[in-house]
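Here is a short briefing on one protein chain. Look over the sequence and the model first, then read the points by topic.

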Amino acid sequence: DNFLIYVDGRGRETSKQVLNYSDPVAYTEYPYVLVIDKGGSNMMLQKKGKTAYSGAVQGANLVCGAVCKKGVFAYSVDSYEGAQSHIYVRKSSGETLSDVPVLSDYVISLAISSNGKNLCYGAVNVSNASMKAVIGEHSVKNGSEEYKLYFEDIGIRNAILNFRDTNQSHLLENIIYNELLYRGFNVDVGVINCVEKNNKTKKNN
C-alpha cells in the first residue's frame, strides 16, 4: 500500500493515511498538501491533515501539480490520444479558476506564486514519427495511422519516467532516431517483415 505520512519538525510520525494511488506524488506549501496519482486520474488536497478537496480528471492522465499557501492548486494533464495537454488551476473548494491549453507536448513542472495569481510551468516537446512499413504492408489500427513517440532529450525522458523504464533497446532506438534527424536524414519508422525458412537436407551416406 501507498501512504501519506505526516511528520513533525523532529521527523517523528504524527499521522498516516492509506492512499489507493498507484504512483502518488505530493506537493506541499503549508498548511496544504496536494497529492496526485501520477499517470492516473485521482487527486486530493489536504489542509492540516483534513481533506479540503478530492476529485478526479476524466479521459486524461495527471502529470504534475503545485499548490500555494492560499489553497490555490494547479495540475497538468495529458491524454496521450492526440488531444492537447492542459493545466487547470482551482481553489480548494474545487472551483476552476482557469484552464490553460499547453502548446508544448509535455508539462514537466509547475509553480504557483504565494498569492495564487501567477502560474509558470516547464514543458518539453516530443517528436511524433509516423509509422511506415519499410518492406511489406502498411500497418493500420482502427482505420488510422500508427505513431511512435521519441523524446528530443533522453535526460528529460528519464526524469519524467522517474528512471523506471531502463529498456536499453528503447533508449538506443530513441538516440539513433535523434542523431539521424540531427544529421539531416528523413527517417521512416517501422518493421521489416522477415520470414525464416528452415530447409531440411538429406545427407547421402
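**Overview**

The protein chain holds 2 helices and 16 strands. Both are DSSP runs, numbered from the N terminus: helices are H or I with at least four residues, strands are E with at least two. This is a predicted model, where local features need pLDDT of at least 70, side-chain atom pairs count only at pLDDT 80 or more, and totals for chains, interfaces and linings use all residues. Residues are numbered from 1 along each chain as its sequence is written, and side-chain values use heavy atoms, with hydrogens and water left out.

**The whole chain**

- Of the 205 residues, 32% count as buried. Buried means under 20% relative accessible area, exposed over 50%, and partly exposed in between (1.4 Å probe, protein chains only).
- The chain exposes about 13,700 Å², and carbon and sulfur atoms supply 48% of that area. Accessible areas come from the Shrake-Rupley method with a 1.4 Å probe; for residues, only the protein chains shown count as cover.
- Take the contacts (heavy atoms within 4.5 Å) with a separation of 6 or more: residues 24 or more positions apart account for 34% of them.

**The open sheet**

- An open sheet is formed by 4 strands in the order β3-β4-β5-β6, with antiparallel pairing. Its edge strands are β3 (24-29) and β6 (50-56), and each pairs on one side only.
- From one strand to the next, the twist averages 15°. Axes are lines fitted to C-alpha atoms, for helices over the stretch in contact, and angles run from 0 to 180 degrees between N-to-C directions.
- Two strands pair if DSSP finds at least two bridges between them. β3 and β4 (residues 32-37) pair over 6 bridges. Ala26 has Val35 in β4 as its bridge partner.

**Strand β9 and its neighbours**

- β9 (residues 86-90) is mostly covered, with 4 of its 5 residues buried.
- β9 pairs in the antiparallel sense with β8 (residues 73-78) over 5 bridges. Phe73 has Arg90 in β9 as its bridge partner.
- β9 also pairs with β10 (residues 96-101), antiparallel, over 5 bridges. There, Ile87 has Val100 in β10 as its bridge partner.
- The hairpin of β9 and β10 has 5 residues between the strands, and Gly94 takes a positive phi near 100°.

**Ser85**

- Ser85 sits in the loop between β8 and β9.
- Is Ser85 buried or exposed? Ser85 is buried, because its relative accessible area is 4%.
- The side chains of Ser85 and Asp78 are joined by a polar contact of 2.7 Å. A polar contact is a pair of N or O atoms within 3.5 Å; within protein, one must be able to donate a hydrogen and the other to accept it, and residues adjacent in sequence count only if both atoms are side-chain atoms.
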